[in-house]
Amino acid sequence: MRGLGDLLCKAYLGAVLVFLYLPIAVMMAMAFNRSALYELPMQFDTKWFVALAQNEKLLQASLNSVLIAIANTIIATVFGTMAAMAIHRFKFRGRTLLQLLLFPPITIPWLIIGTSMLVLFFWIGVGRGLHAILLGHVALSLPYVIVVVGARVKSFGEALEEAAATLGASPWQTFWRVSLPIMAPGIVAAALFAFAVSFDQFQISRFLAPPGVSTLPVVIYSAIRQGYTPEINAISTIIILVSMGLMLIIARFYKFGGER
Amino acid sequence: MSVVEVARVSKRYDKVAALDDVSLTFGDGEFFGLLGPSGSGKTTLLRSIAGFVEPDTGDIRFDGKEVRDTPVHRREIGMVFQNYALFPHMTVFDNVAFGLSVRHAAATDIRERVMAMLGLVRLGGLEERRPRQLSGGQQQRVALARALVTKPRVLLLDEPLGALDKRLRQQMQIELKQIQREVGITTIFVTHDQEEALTLSDRIAIFNEGRVVQVGTPHTVYERPSSAFAANFLGDANFFVGVVAGMQGALGEIRVADGTAIYTRDPLPDRGAQITVAVRPEKLTIGPAPTSSGNGGAPTNRLRGVVTQAVYSGSSISYRIDVGVEVMVFAQNRTAQPVEPGTSVVLEWDPLHSVVVGP
Amino acid sequence: MRARSRERLTVVGLTAPAYLWLTLTIFLPLSAMLYFSFLTVAPFGGRQAEFTFDNYLTFFTKEVYRTNALRSLILGFYVTLGCLAVGYPAAMILAKHIRGRWREAIFLLIVLPFWSNALVRTFSWTMVLRGNGAIDWLVHLFVPDAAPVSLLFTYPAIVIGLVHAYVPYMILTCYISLQAIDDSLIEAARSLGAAAPAIFLRVILPLSLPGVIVGTILIFVPAIGSFMEPRILGGPNAIMLGTIIEDQFTAIFNWPLGAALSFILLAIVLLMLAASYPFLRRHLQGF
């Protein structure tokens with residue numbers, strides 16, 4: 001009976017995995033389907049990927065997405081790492097408050113965050129556009145960076161930095177030669193996270209993108225609502241492979257440095 | 001000449017006094033132990049000397065100069081942390097060389113001194129390893145080498161042997177003492193292990209609740225504790241509470257509740273005063289009958305009672321004897337024949353070992 | 001004392017950039033939107049706006065808003081229930097029946113899609129659910145004469161899409177809680193005579209409650225505010241509070257009303273959190 005129970009358990013997990021990956025697999029398959037109407041049975045063709053290379057709108061949007069994601073990564077990682085260091089190496093009165101303030105950005109529905117940003121930006125003259133989108137993406141990335149780097153900083157305690165001080169290293173020397181190298185895996189993981197958050201972000205980009213200038217997810221959304229173009233499957237396949245690839249790298253990296 | 005001087009240092013955290021008016025001097029080349037229970041202030045004092053804690057009042061002086069305004073990295077100290085705090089991303093060599101390299105020493109100079117130091121701590125050949133590849137004892141030696149290579153003024157050790165198992169600890173204690181002797185550096189170390197404190201220190205300071213309870217050589221502090229706390233914290237003690245009865249020749253006499261007389265060589269206050277005397281368990285002899293004459297005619301300490309417990313520990317036997325109150329005796333296992341519980345026995349000890357510890 | 005003020009300066013310097021950014025992009029906007037929710041019109045283009053409670057009152061007077069708010073809450077309920085039903089057993093199997101390398105690998109596989117592009121994943125469901133999609137094709141393999149099967153643009157489609165999107169959250173939080181339950185507790189229960197059902201109900205379930213609760217909150221809140229999945233999987237006729245709010249800002253341009261509805265949504269969330277706070281307090285100790 002033990003064996004049957006075990007088998008059922010494994011089968012269940014298998015079913016869950018199928019549930020999670022089936023749509024993605026189907027979509028990727030359709031990206032290679034010759035039919036524009038997704039007719040089955042499938043006929044293999046890479047024409048949609050070729051068409052992709054000619055689709056100005058999608059290419060421009062992809063470029064925007066990548067550029068914003070890179071800018072977002074740099075800003076969020078630097079600011080977030082600084083904040084994480086302050087929170088976990090110093091004791092000061094507002095410390096718990098600062099940590100609590102990281103909750104609203106990740107728990108409030110993105111719908112509300114997006115619309116409220118739209119309201120404020122319009123009102124104070126920032127308006128919509130790629131700059132507004134960047135502002136929004138960094139806001140969403142910061143909590144993740146602070147938490148991920150913070151966990152790393154916390155796990156190593158102050159003893160290493162104190163040891164460096166007793167050996168004669170000035171605070172600056174301590175930072176460069178001890179703190180930074182040790183934080184590095186956490187910082188890299190956080191940076192990759194930030195990139196993924198920005199690259200995949202849809203809900204708030206939707207409200208902050210003016211007509212004509214957009215990121216990839218927003219363009220895909222419009223295309224879906226107006227009627228399909230099969231190139232969507234092709235670009236979606238690429239996106240999802242990039243996203244999952246990034247996550248795999250993070251998992252590798254975090255494992256690597258995360259252990260004591 | 002004292003290398004480090006602590007003068008009337010106090011530190012409070014909220015309502016609790018971590019350090020309360022502490023004054024100590026640490027001499028050149030001395031191996032000084034700070035001993036006490038958790039929270040007694042010993043670690044706070046060590047970290048104050050290092051510069052991680054800023055005292056509320058009082059001064060700390062290195063070679064006569066105040067160090068209040070000197071940040072940690074300029075105090076020229078060497079410190080070994082409880083968990084060694086070895087830099088995981090550097091090799092053993094780079095760890096030990098760190099202090100020299102932040103001072104921009106020449107590469108050849110660094111190489112020479114690091115290798116010499118690794119030889120001193122007997123880690124030659126391991127310089128390319130990473131800390132995680134080393135055993136606990138090896139890591140400890142790297143931490144020591146790293147702290148010593150810059151020739152600091154004072155070496156601070158925070159429970160350095162706490163993470164090691166018993167056998168390794170004993171071995172490391174001997175090595176640590178040897179290295180310290182060879183290098184000749186003033187060393188201050190914190191421990192809660194009394195045996196370790198007694199073994200390693202030239203002098204000990206016992207801490208309790210932020211205050212220094214007693215300072216002295218291991219011999220002094222152990223044989224002549226100045227308070228009941230010190231008597232009980234460092235080793236075990238039997239306490240006898242009674243009233244001063246007067247003098248018997250050169251000996252002081254104390255009467256306890258049931259009328260028994262206890263004699264001591266320590267000076268006593270006036271007759272009638274309340275007094276407590278401590279006697280270490282290993283100072284009592286246990287036997288079936290009183291030994292004749294005792295102290296050459298002078299009265300000796302003698303109690304009669306019944307053995308209630310005998311615990312055999314191989315090289316020694318611990319007895320509990322009911323003499324009206326319970327008394328502990330540690331006896332060396334010389335005859336391989338412990339006294340059975342239920343036996344009537346006579347306990348004796350020299351008045352020299354009755355220590356007055358307070359009222 | 002100098003060291004302390006130097007330290008304070010360092011802390012401020014290090015935290016200011018991040019938190020100023022958050023103030024500008026999260027906290028100020030929320031305040032601005034709160035302000036807007038009390039205006040008659042959006043104060044742009046020279047229009048004069050006056051203070052009013054109307055936007056909030058509309059929620060109570062006009063049937064459509066309340067109905068859809070309820071619809072959204074019910075949707076959130078179904079989605080959370082679905083995630084629990086699918087995710088909890090998965091978490092338990094993963095925590096207790098799988099060991100070693102496999103465990104990490106499967107865990108990674110489960111979490112991976114979750115961190116990829118949500119829009120794309122939602123879109124991918126249309127490939128499966130539509131007429132001529134994967135399910136339709138599968139059905140016709142076995143029953144060639146069946147009518148075309150399309151689940152797209154139905155309520156169940158929205159639920160499936162949202163469950164698919166959020167179930168990894170539930171698996172993650174439940175896994176963390178379950179995994180922390182020491183095996184020796186279960187062994188102790190067995191030695192005391194408890195059979196499997198009793199062990200589950202009296203030992204495992206209570207101890208895994210923190211994970212369940214956190215997962216529920218993490219899923220329910222975004223689910224009731226979702227607009228992307230309802231639109232894509234439910235079609236133009238799928239109306240939820242989220243889609244209504246989206247419309248106010250992008251089609252109808254009644255920003256004050258959109259603002260008020262957003263805060264009502266937020267208030268519903270906070271009310272639910274507040275109401276369950278005692279329960280949360282007691283059970284979230286170990287998370």
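This is a predicted model: local features need pLDDT of at least 70, side-chain atom pairs count only at pLDDT 80 or more; totals for chains, interfaces and linings use all residues.
Among the elements of chain B, the highest mean pLDDT, 96, belongs to strand 3 (residues 31-35) of chain B, and the lowest, 86, to strand 12 (residues 251-256) of chain B.

Chain B contains an open sheet of 4 strands, ordered 2-1-4-5 and paired in the antiparallel sense. The edges are taken by strand 2 (16-27) and strand 5 (65-66) of chain B; each has a single partner strand, so one side of each lacks a neighbour in the sheet. In general, strands of a sheet pair through backbone hydrogen bonds, parallel or antiparallel. For strand 1 (residues 2-13) and strand 2 of chain B, the antiparallel pairing extends over 8 bridges. Within this part of the sheet, Tyr13(B) is opposite Val16(B) in strand 2 of chain B.

A helix covers part of this arrangement: helix 1 (residues 42-50) of chain B packs on the sheet and touches strand 1, strand 2 and strand 4 (57-62) of chain B. The direction of helix 1 makes about 120° with that of strand 1 of chain B.

The remaining topic is the contact between chains C and A. Chain C contributes 64 residues to this contact and chain A contributes 68 residues. On the side of chain C that touches chain A, helix 1 (residues 2-36) of chain C supplies the largest share, 18 residues. By residue class, that side of chain C consists of 47 nonpolar, 12 polar and 5 charged residues.

Methods:
Residues are numbered from 1 along each chain as its sequence is written. Chains are lettered from A and ligands numbered from 1 in the order in which they are written. pLDDT is the predictor's confidence in each residue, from 0 to 100. Helices (H or I, at least four residues) and strands (E, at least two) are DSSP runs, numbered from the N terminus. Two strands pair if DSSP finds at least two bridges between them. Two residues are in contact if their C-beta atoms, placed from the backbone, lie within 7 Å. Axes are lines fitted to C-alpha atoms, for helices over the stretch in contact, and angles run from 0 to 180 degrees between N-to-C directions. Ala, Val, Leu, Ile, Met, Phe, Trp, Tyr, Cys and Pro count as nonpolar, Asp, Glu, Lys and Arg as charged, and the others, Gly among them, as polar.
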